[in-house]
Amino acid sequence: MTSSGHQPHAPAAPVAGGPILEARDVHRTYRLGRVEVPVLKGASIAVHPGEWVSILGSSGSGKSTLLHILGGLDRADRGHVAFRGEEIVGYSPRRLDRYRNDHVGFVFQFYHLLPELTVLENAMLPATVGVGMIEWSRRRHEVRERARALLDRLGLSHRFRHRPAELSGGERQRVAIARALMRNPEVLLADEPTGNLDARSGESLLEVIAEQHRAGLAVVMVTHDQWVAARADRTVHLADGRVA
Amino acid sequence: MGVYVSLLVRRYLTTRIIPLIAVGAVALCVALVTVVVSVMSGFLENLRNSGRTLMGDVVVSYPVQGIPWYEDLIADIERLPGAEAATPLVDTYGLVRMPYPDGGNKDVVTAQVWAIEPDSFARVTEFDRTIWWKPADAAQALAMAPDDPRRTLTGKEYGNAKAMRDADTGAPGALLGMHVSVVNQRQRDGSYRPRVDRWWMPSHEVTVTLVPISEKGQVSQSNSRVFKVVNEVMSGVFQVDRNRIFIPLKDGQELLRLDEAPVVDTDAEPDAQGNLPVIGTSPARATQVLVRAKPGVTPRELRDQVTEAYAAFWGRKAADRSVRVRPPAPDYVTVQTWEERLRDIIAPVERERQMMRILFSLTYLVCAGLILAIFWSIVSEKTRDVGILRAVGAGRLGVLRIFLAYGLVIGAVGSLAGAGLGWLIIRNINDIHMALGEDAPAWSWIAAYLLAALAGTMALRALVASRVLATLLHSVAALVLAGIGTGLYLHQGFLMWDPAVYYFATIPSQMDWTNAVVTCIGATVFSVLGAAVPAARAADIDPVRALRYE
C-alpha cells in the first residue's frame, strides 16, 4: 500500500505466487425488516495480478455483493478478504476509505457520475479525495493533465466541459472508467459495465477494459451475460451465494 | 476543507435553485432582525443624544421657587475641574397666543417655556445647531429644494435668534419649536414650509402668558408679554419641537416674579403710603442650572463634583449672616445626569430592545428549521451521490463536511445578503415611509394589472397545452399580481411612524452594526446546526444501499 497515498501507482507488482485480491468463505446476510436474507454463503474467489476474472451468475446470486466486499464498500459478516495477502476485513473505516481510493477503481452499470460536475471534474474526483487545499494547489496541474490524458485516450477530449446529462450512455461509462483509472489502481471492479449500453457501445467499452488489462490491470467484472464474460481470462459462476 | 468538499459545495450552490431559497430565507430573517433592532437602537441613541443636546450633561434643579444666587453657584460650578460651562434656566409652562388665524379669535396653545441666556445656553447645549432659519452655506444650498425659504435668508433671523431680540425694534424675541405652529409642514426632503406663506413665523409676534406661584404655593395674577418670533428651532425631538418655546431669561424671571425684588419687613408698621420698610434684596432665581462636562469627563463624574459644589455653595450662603434669602438645602435640590433625568423614557426602551432581541432570536430557530427541512430533502435527493463519493474513497466525515460546509456557506451568504438588505432598508427607511404615506402612482397599478394579464394569458396557454404545473404557477402569479394591482389602486397612503407617539420627527436610520454582526454570526451558526442533522444522516448512509438508491 502506498504511504504517500496520492501519488499514482505503477501497475501492481505481482505478488509472488499469491493472488492480489482474495475472498475466502465469505458470508453476507442482509436484513430486510424482520427477514434475514443470506446473500453470500461461503463464497471464495482469488484474483491474480493482471488477471481478468468474470463473475457470472443470475440475478440475486450475490455477484454485486461479492464485488462490493472485494472493493471495501461492504463488509463480510464472516470469512476472509485479503488484498496482497493482507486482511482488509479488520481495516479501520478510515483505512478502508484509503484502500478504495488508492487500490481499487469501481465501474457501475448505471455510470454513477455526479451530475453537477463536468466530465473533467468527474474524472478527477478520486484525486481530490483526502487532499488538502495546500497540497492541491501544488498538484492541481498534474492531476488535471492526467485526467485530460485519460479522457483523451478514451476519446472524450471534446467533452471535458460537458455535464453527464449531455453525454450518451457509452460516453458516460467511459467517463466512469476514466474516474476509476484516475488513481492508477491495481484492480478494476466492474459491476455489469455494459448492462445499460447498446451492443456497439458495450463492445467498445469492453475493448477499453481489455486495453487496460493488457497494460497489467487486474479486472473483476460482474455480469450475467456469457458473451461478455467470455472476454475474461477466467470465469467463475456464482449460484446461491457460492462459487460453483 | 478537502478539495472535493469545496468543489461540491460550490457546484451545489451554483447549479441548483433550492439553496437559493435557503439563502433567501436566511437573508430575510437577518434583514428583519437587523432592521427592527437598528430602529430601536437608533431610537435609544436619539433619545440619549437629544437629552445631552438639549440639557447638557448635568442638571441642578429646584422647580417652581428656583435657586437664588444662581450666578454664584454657576461661578462655583465653572471652577470645577470637570465643568466646561454652566447656564441658568427658568422652566415653566404657559400659554402662547399665536398670530393666526385672521380676526380676533386667535389660536392659543399651551407650551413649555424655557427662559434662557442664549450665549451661555449655547455653550452648554447645542442650541445653535437647532436654530432652523439661517442662511445655508454652499454645500447645504446644493441639497435644498429651489423653493426652500432658507435660500432667501440674509442672516438677520439667525442674528436675532442668537441675541433673542429683534434688532430692528429692540423687542424681546422668542424662538418657537418647529411644530408649535400648526402651519409649518414637513416636506419629504426634511425641510419645512408654512402651509400659507404669510404665516411664516419669524415675521410675527406671539403673546406669552405665565402664571407665577407664590412662596405659599398659591397661583398669583398671570403676566403676559408680547414677543417677536425671531426664529424657530428644530431639535428633532418631536415632543420638544411641538411644545417648547424659548424666551430671554430676564423676561421669564419677570413674568414669573423670579427676578430681583426688594425684601420688606412684614412685621413692621407700614409707612404713610402703606409701604412696608425695605430691609434687603431678594436675588433673581433660576429653576435649573445646566452644566456641560469637559471632554473626557463622564456625566456621572461631573454630577458628583456638582453635588459637592452645591453643598459647599449652600454651606457658604447659610453661614453668611448678611444673606437674607438662602438657597434650598442640598437635600431638596436634585442633581442628575441627563440620562438619569430621562430614565423614565430610556429604561423602558432599553428593556423593550432587549426583549425584542430575545424574541427575534427565535428567527435563528427559523433559520435552523428551514435549513434542516431543505437539507433533509437535498440529502434524500443526493443519496446516490453519497454512494459515489464513498466508492471513490470519501469517508463518512468527508460526507458530513460537505453538508456542514454547504450549510455554513448558505448561512454566511444569506447573513451577508440579509445585512446588506437591512442596511439598504435602514438607509432609506424614511423615504420608504414617506412613499407609503402617499397614494400609489397610477403607473404602478397599471403595470401590475398588465403583468397579471400576461400571466393569465400564459396560464390559459398552459391549460390548452395540458401542462398542469405551468397552469398552476401562472395562475398563482396572475392572482398575486392582480391582488398587488388592486392593493396599489386602493392604497390611500398611511404613515406608521407617528412623531407624536415616537418622540422624533423621523425614523432613526442608523445601522446598528454590532447587532448586525451578532445576528449574522447567530444565523450562520444556526444554519450550520440546522444542516448538522441532515449531514449526519448523509454520513450514516450505507454506500451499497446508496448506490442502489433510485
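This is a predicted model: local features need pLDDT of at least 70, side-chain atom pairs count only at pLDDT 80 or more; totals for chains, interfaces and linings use all residues.
Chain A carries an open sheet of six strands. Read across, the order is β6-β7-β8-β3-β9-β10, and the pairing is mixed. At the two edges sit β6 (104-107) and β10 (242-243) of chain A, each of which pairs on one side only. Strands in a sheet pair by way of backbone hydrogen bonds, in either a parallel or an antiparallel sense. For β10(A), the partner is strand β9 of chain A (residues 234-239), and the two run antiparallel, joined over two bridges. A:Ala239 takes part here, with A:Arg242 in β10(A) as its bridge partner.

Two helices of chain A pack on this sheet. Helix α1 (residues 63-70) of chain A touches β3 (52-57), β7 (187-191), β8 (218-223) and β9 of chain A. The direction of this helix makes about 155° with that of β8(A). Helix α6 (residues 199-214) of chain A also packs on the sheet, touching β3, β7 and β8 of chain A. Here the reference strand is β7(A), and the angle between the directions comes out at about 160°.

Turning to where the chains meet, 26 residues of chain A are in contact with 21 residues of chain B. On the chain A side, the elements giving two or more residues are α2 (93-102), α3 (119-128) and α4 (133-153) of chain A. Of these, α2(A) gives the most, with six residues. Sorted by class, the side of chain A that touches chain B has 12 nonpolar, six polar and eight charged residues.

As for the cores, the largest nonpolar one has 127 residues. The residues with the most contacts inside this core come from both chains: A:Leu66, A:Ala123, A:Ala178, A:Val220 and B:Val26. Helix α2 (residues 18-55) of chain B provides the largest share of the core, 13 residues. Leaving aside residues up to four places away in sequence, A:Ala178 touches A:Ala123, A:Ala147, A:Leu150, A:Leu151 and A:Leu154. There's also a second, separate core of 71 residues, and B:Ala174, B:Val233, B:Ile245 and B:Trp314 are among its members.

Chain B itself has 21 helices and 15 strands. Buried residues account for 39% of its 550 residues. Among the contacts in chain B between residues at least 6 apart in sequence, 78% join residues at least 24 apart.

Notes
Residues are numbered from 1 along each chain as its sequence is written. Chains are lettered from A and ligands numbered from 1 in the order in which they are written. A nonpolar core is a set of buried Ala, Val, Leu, Ile, Met, Phe, Trp, Tyr and Cys residues joined through C-beta atoms within 7 Å. A residue is buried if 20 or more other C-beta atoms lie within 10 Å of its own, exposed if 12 or fewer, and partly exposed in between; C-beta atoms are placed from the backbone. Helices (H or I, at least four residues) and strands (E, at least two) are DSSP runs, numbered from the N terminus. Two residues are in contact if their C-beta atoms, placed from the backbone, lie within 7 Å. Two strands pair if DSSP finds at least two bridges between them. Axes are lines fitted to C-alpha atoms, for helices over the stretch in contact, and angles run from 0 to 180 degrees between N-to-C directions. Ala, Val, Leu, Ile, Met, Phe, Trp, Tyr, Cys and Pro count as nonpolar, Asp, Glu, Lys and Arg as charged, and the others, Gly among them, as polar.
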